[in-house]
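Q: I would like to go through this structure with you, piece by piece. Could we take the helices, the packing and the aromatic residues in turn?

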Amino acid sequence: MTFSVRHGRLSFFDKSQNRAFLFLLSLPSKQESMEITLEPLQQCDRGQFIKNIQHSFQKAFVEEFGETGEMVLPEEDVIRSLDSETSMTYRILADGAWVGGIVLNIDTKVRRHSLDLFYLNPEVHGKGIGTVTWRMVERLYPETEVWETHTPYFEKRNIHFYVNKCGFHIVEFFNPHHKSLEVPSTEMPMDCFFRFEKRMSHTIE
């Protein structure tokens with residue numbers, strides 16, 4: 001199933017059933033002429049997806065701390081997210097060009113889902129694509145009661161995006177004095193990061 005939005009209309013197309021679904025979605029004015037598509041990740045694109053997201057995370061880290069000999073986002077961590085039984089992974093396309101990707105953890109047995117990985121190529125930052133993508137995700141999973149995600153403390157762009165653009169709230173700060181049981185400790189600044197939550201009202205605008 002492929003999902004796309006243009007001129008404020010969010011469309012779903014299910015090739016297996018040859019059916020299309022259409023919803024209205026308001027977009028930032030500067031984004032009205034661009035078609036944003038969420039396309040399920042295919043096996044043939046998996047290797048490039050991993051490279052792209054590693055490059056994106058590495059660039060943000062280097063800009064803040066300088067060059068490092070370590071990979072900030074190890075390949076095995078990405079693979080673990082992709083291979084989870086509850087993961088849903090999409091490529092983000094803008095007018096047909098691959099500009100980003102998103103990995104969601106969707107457990108149909110509960111209504112608490114997580115945004116595991118999300119990246120956009122640096123050249124498309126600031127164009128509203130991330131905000132539109134997230135609003136599409138919310139409409140794809142309207143049964144969700146709580147969304148959860150994490151980001152490192154130094155990622156000011158991400159913090160601004162999640163809090164001010166997407167409506168998340170910071171609910172926990174992990175650091176050497178308050179460690180996450182799910183994330184192994186390292187000597188890198190990634191030890192310090194925020195946990196965000198967004199509780200859905202089920203009135204999605």
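Q: Which residues are buried in α4?
A: This is a predicted model. In α4, the buried residues are I159, F161 and Y162.

Q: How are they placed around the axis?
A: They span an arc of only 165 degrees around the axis, which puts them on the same side of α4.

Q: And which exposed residues does the face turned away carry?
A: K156 and N164 are the exposed residues on the face of α4 that is turned away from its buried side.

Q: What do the buried residues of α4 pack against?
A: Their partners are β7, α3, β8 (146-152), β9 (169-174) and β10.

Q: What follows α4?
A: G167 follows α4, and its phi is positive, near 85 degrees.

Q: Now α2. Which of its residues are buried?
A: Helix α2 covers residues 75-83, and V78, S81 and L82 are buried there. Seen down the axis of α2, these buried residues fall within an arc of 100 degrees, so they line one face of the helix.

Q: Against which elements do they pack?
A: The buried residues of α2 pack against α1 (46-65), β5, β6 and β7.

Q: Let us turn to the nonpolar core. How many residues has the largest one?
A: The largest nonpolar core has 30 residues, and L104, I129, W134 and W147 have the most contacts inside it. Several elements each supply at least two residues of this core, among them β4 (36-40), β5 (87-94), β6 (97-105) and α4 (156-165). The largest share, 6 residues, comes from α3.

Q: Where is I92, and is it buried or exposed?
A: I92 is found in strand β5. I92 counts as buried because its relative accessibility is 0%. The C-alpha atoms of I92 and P40 are separated by 9.0 Å, and these two residues are 52 residues apart along the chain.

Q: On to the aromatics. How many aromatic pairs are there?
A: A search of the whole structure finds 15 aromatic pairs. One of them joins Y153 and F154 in an edge-to-face arrangement, at 5.7 Å centre to centre and with 90 degrees between the planes.

Q: Are those two residues buried or exposed?
A: Y153 is partly exposed, with a relative accessible area of 34%, whereas F154 is buried at 6%.

Q: Which residues form the aromatic cluster?
A: One aromatic cluster is formed by F118, W134, Y141, W147, F161, Y162, F168, F173, F194 and F196.

Q: What sits over the ring of W98?
A: The charged end of R91 does, 4.6 Å from the ring centre.

Q: Last topic: how many disulfides does the count come to?
A: The count comes to 0 disulfides.

Q: And the cysteines C166 and C192: buried or exposed?
A: C166 is buried, with a relative accessible area of 5%. C192 counts as buried as well, at 18% relative accessibility.

Note on methods: Residues numbered from 1 in each chain as written. Predicted model: local features only at pLDDT ≥ 70, side-chain atom pairs only at ≥ 80, totals over all residues. Heavy atoms only, no water. Disulfide = S-S within 2.5 Å. Buried < 20%, exposed > 50% of the residue type's maximum accessible area, 1.4 Å probe, protein only. Core = buried A, V, L, I, M, F, W, Y, C linked by side-chain atoms within 4.5 Å. Helix = DSSP H or I, 4+ residues; strand = E, 2+ residues; numbered from the N terminus. Arc of directions from axis to C-beta. Contact = heavy atoms within 4.5 Å. Phe/Tyr/Trp six-rings, centres within 6.5 Å; stacked < 30°, edge-to-face > 60°. Lys NZ or Arg CZ within 6 Å of the ring centre and 35° of its normal.
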